[in-house]
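Please read these notes with the model open beside you.

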2 protein chains.
Amino acid sequence: MLTKNQLKRIISLRQKKYRLTQQLFIAEGPKVIFEFLNSNYELVEIFSTLQHYNQFKAKFNIISDEELHKISLLKTPNKLLAIFKIPKPLKVDASKLILALDKINNPGNLGTIIRLCDWFGVKDLICSNNTVDCYNSKVVQSAMGSHTRVNISYVELECFLEKSSNVIGTFTESKNSIYETELPSSGVIVLGNEANGISSKIASKINIGLTIPRFGTHMNAESLNVANSAAIILSEFKRKSIER
Amino acid sequence: MLTKNQLKRIISLRQKKYRLTQQLFIAEGPKVIFEFLNSNYELVEIFSTLQHYNQFKAKFNIISDEELHKISLLKTPNKLLAIFKIPKPLKVDASKLILALDKINNPGNLGTIIRLCDWFGVKDLICSNNTVDCYNSKVVQSAMGSHTRVNISYVELECFLEKSSNVIGTFTESKNSIYETELPSSGVIVLGNEANGISSKIASKINIGLTIPRFGTHMNAESLNVANSAAIILSEFKRKSIER
């Protein structure tokens, strides 16, 4: 049974400002929740329609299907909903390859990029302060637990890049094919906004400009989706790292 | 002004069975619609709230904002909605690299994969008959016009692969890293379903098994999203083709 206050508090976490003030976020479904439970993330409360999840004792709340529908953001709520504390980001390790995002708006794209960092062993993901919040529910669900293995920091990206040495950006018009350019084993790869690419302020900090060659003969081919660009770029950096 | 019959007919095209019987589909927004107009696709009717699109003469219908909201599937309808004829697929060119999909369910994934084929110059995309319809509105919108440059055929995938020579599949457990294996310049690359991968019936037709190596140290890292896998695989095939 949910109290009015619990209901209000859970629903408030759909908004970034309440996530920030309370330093809490929501995860849904057994798969994602168990990834957070098996990590350093701290569980605050857990809600389920199924009694057999009472292993969580004082933190466990049994609720009705109707209540789960009320608090869930999924079309088909998936048995469990949990509230976790937002951890403090760790210090960034500048000796490794880092991915940085310049105003990514789409939660699905950010979630997919976190998953890609996890797959390719990129430990640090840097987000400009105007990138969508990584604890937005859609980001949490689409990253499928990869938050637990990627250190995500929100920063003033311009200042951050000023202090970095190899700053790598991809552009549609660069002359340097990602396949044919020698790539450094450390540095910061910057990915730009879905509609506008890398902003001019950030572009001025980039010292290695790359492009993913277009093989289609029609010049109309739209630019690649940002998550697909991330996949290709990380794949190519990692491929070259095993060649060395 | 929309007649009741027009309204009914447009809304019916949201369903695959009506798209199939009428051989028609819907595209929305100037950008996507102009891609279809500048191609071999045949316009049937076009609807807009703006009089200045009356270049389409007898095919043009001026409608109210309210009517556009009724017929649009976009959260924010984008000025134009058009109905086009579904073209007959062309003959598949087996001498080139082909992408084949085994039961892709998510329209966004299919749309992104069509865009990737366009970018990487893959002319033929083969879909198993149980793959989501490529004229589903969400597919059309996410492919952003790339339908006009990619020949999409729905087939009995098992039979199609029986007649193909190089059948390439990616698996999480294969020993052959995509980076370190010699890749053919022609053949069929098969991508599997989002949740279950390549089905066993289709897997038995594959003679080159590949894997995208995982660089993250945690074995928990979820498999890659199918569109990201497609991006990495096509990038690697095309990279090797320019090395030859």
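1. Which residues of helix α1 (residues 4-12) of chain B are buried? In this predicted model, they are B:Gln6, B:Ile10 and B:Ser12. Looking down the axis of α1(B), these buried residues fall within an arc of 160°, so they line one face of the helix.

2. The other side of α1(B) has B:Lys4 and B:Lys8, which are exposed.

3. The buried residues of α1(B) are covered by parts of chain B that include the helices α2 (16-22) and α4 (65-71). The strands β1 (24-28), β2 (43-48), β3 (60-62) and β4 (80-85) of chain B are also among what covers them.

4. Now the interface. Chain B has 37 residues in contact with 37 residues of chain A. The size of an interface is often given as the accessible area lost when the parts come together. Between chain B and chain A the buried area is about 3500 Å², and carbon and sulfur atoms give 61% of that.

5. Two salt bridges are found across the interface of chain B and chain A. A:Arg239 forms a salt bridge with B:Glu236, with the closest N and O atoms 3.9 Å apart. Eight residue pairs, both at pLDDT 80 or more, are in polar contact between chain B and chain A.

6. On the side of chain B that touches chain A, the elements giving two or more residues are α3 (30-37), α5 (107-119) and α9 (226-243) of chain B. The largest share comes from α9(B), with 10 residues. By class, this side of chain B has 14 nonpolar, 11 polar and 12 charged residues.

Note on methods
Residues are numbered from 1 along each chain as its sequence is written. Chains are lettered from A and ligands numbered from 1 in the order in which they are written. This is a predicted model: local features need pLDDT of at least 70, side-chain atom pairs count only at pLDDT 80 or more; totals for chains, interfaces and linings use all residues. Side-chain values use heavy atoms; hydrogens and water are left out. Buried means under 20% relative accessible area, exposed over 50%, partly exposed in between (1.4 Å probe, protein chains only). Helices (H or I, at least four residues) and strands (E, at least two) are DSSP runs, numbered from the N terminus. The arc is that of the directions from the helix axis to the C-beta atoms. Contact means heavy atoms within 4.5 Å. Buried area is the accessible area (1.4 Å probe) that two parts lose on being put together, summed over both. A salt bridge is a side-chain nitrogen of Lys or Arg within 4 Å of a carboxyl oxygen of Asp or Glu. A polar contact is a pair of N or O atoms within 3.5 Å; within protein, one must be able to donate a hydrogen and the other to accept it, and residues adjacent in sequence count only if both atoms are side-chain atoms. Ala, Val, Leu, Ile, Met, Phe, Trp, Tyr, Cys and Pro count as nonpolar, Asp, Glu, Lys and Arg as charged, and the others, Gly among them, as polar.
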